[in-house]
Amino acid sequence: MQKRWFQTLIVLILVFLLVLLVSATDWIFEPIFQYVGAVAFPIIGAGVLFYITRPLMHLLEKLKMHRIVAILGVFVVLIAALFIIARYIVPILENQFSMLVNNIPGWISTAENIIDYWQENQNVIPDEVNETINETISNIRANVQTYIETVMSFIFGFIGEFISLMFALILIPFFLFFMLKDGEKFIPFITQFFEKKKADNIRSLLYKIDDSLTSYIQGQMIVALCIGVLLYIGYSIIGLDYAMTLAIFGAIICVIPFIGPYLAVTPAIIVGFFQDPLMPLWVAIVMIVAQQIEGNLVSPNVMGKALHLHPLTVITIVLAAGSIGGFLGMLFAIPVYAVVKTIISHFYHTYQDAQKDEEDALI
């Protein structure tokens, strides 16, 4: 046992020395990091599509289709979905987004008029509170143009990055094809370098990681789709402007656990306020109904307790990841944490088993 602890300590020291060496010679590894960064997006995108489309490929294989034919069938479905989106949804989104941008100056003017009216008719508020509120309002009004420019620059910056990422999308079909074709060969390829007991242990770990990613990615995609449909139906019923744009935005943002719904409903409430003072109330009701349907019917049946994550842990991870990596950090924080947790839990149980039989140890 002491020997194993000593070996583990040596491994940790070597790992830290390796990290220190890499940081000291980053100029050597910078081209490698640039290459990894260039292919990271296509690989991640293909990986997400792999977990989404793999059940369809297996279904087609059960219908006695050859794997290559089944993969081609998956691509036909994806192309059909993209055609429907480009033909029927994208033009509506472009039109609604253009109208939304064009209406922003009018909303600013309306907000300033409301503030002016409120300032002219306040009589019952104490002077100290009044001064504080007036100072705050003055600061907001003085910087409103800056806020708008910041938001617009973010939007157009995002559009610019999105266009640059479109070139990387060309690689996704190639990665996806080989993932679907040879994905099941990955685990045997890794385990062939180990003796049988260790190979079985590593195979078990890789299958656990695969199950965690499958549960999360497939579950989140289904939940986002359901949220988007429910929001669009609800927004259409209450007559909210830009219903499809706001519903799709809500579906995307709701992928972020716990804080996603609050972020998703904010633009809809703002738009609803300028449309009708009572509209934010109806928007909130629509979001609450959609969340209740999703939380009580969709998520329990789709995701269940597959990841075994405590809500407080999820909130902490999402907030920390958001401060470090922004939206992408919040988006990928939970699956990364789930994988890390799976690995640590597996090694812990392996260590416990190794107390009984040293051959079960991986280190």
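Me: What makes a helix crossing right-handed?
Reply: The near helix is turned clockwise from the far one by less than a right angle. In this predicted model, α7 passes α8 in such a right-handed crossing.

Me: Why are α7 and α8 called roughly antiparallel?
Reply: Helix α7 (residues 196-238) and helix α8 (residues 243-253) pack at about 150°. The cut-off for roughly antiparallel is over 145 degrees. Therefore the pair counts as roughly antiparallel. Their axes lie 8 Å apart.

Me: Which residues of α7 and α8 meet?
Reply: From α7, they include I227, L231 and Y235. From α8, they include M244, L246 and A247.

Me: Why is the pair of F50 and Y51 called edge-to-face?
Reply: The structure holds 3 aromatic pairs. In one of them, F50 and Y51 sit 5.3 Å apart, centre to centre, with 75° between the planes.

Me: What makes F177 and F178 an edge-to-face pair?
Reply: Their ring centres are 5.3 Å apart, and the angle between the planes is 90°. That angle is over 60 degrees, so the label is edge-to-face.

Me: Are F50 and Y51 buried or exposed?
Reply: Buried means under 20% relative accessible area. F50 has 11%, so F50 is buried. Y51 has 12%, so Y51 is buried too.

Technical notes
Residues are numbered from 1 along each chain as its sequence is written. This is a predicted model: local features need pLDDT of at least 70, side-chain atom pairs count only at pLDDT 80 or more; totals for chains, interfaces and linings use all residues. Side-chain values use heavy atoms; hydrogens and water are left out. Rings of Phe, Tyr and Trp (its six-membered ring) pair if their centres lie within 6.5 Å; planes under 30 degrees apart count as stacked, over 60 as edge-to-face and the rest as tilted. Buried means under 20% relative accessible area, exposed over 50%, partly exposed in between (1.4 Å probe, protein chains only). Axes are lines fitted to C-alpha atoms, for helices over the stretch in contact, and angles run from 0 to 180 degrees between N-to-C directions. Helices (H or I, at least four residues) and strands (E, at least two) are DSSP runs, numbered from the N terminus. Angles under 35 degrees count as roughly parallel, over 145 as roughly antiparallel, 65 to 115 as roughly perpendicular and the rest as oblique. Contact means heavy atoms within 4.5 Å.
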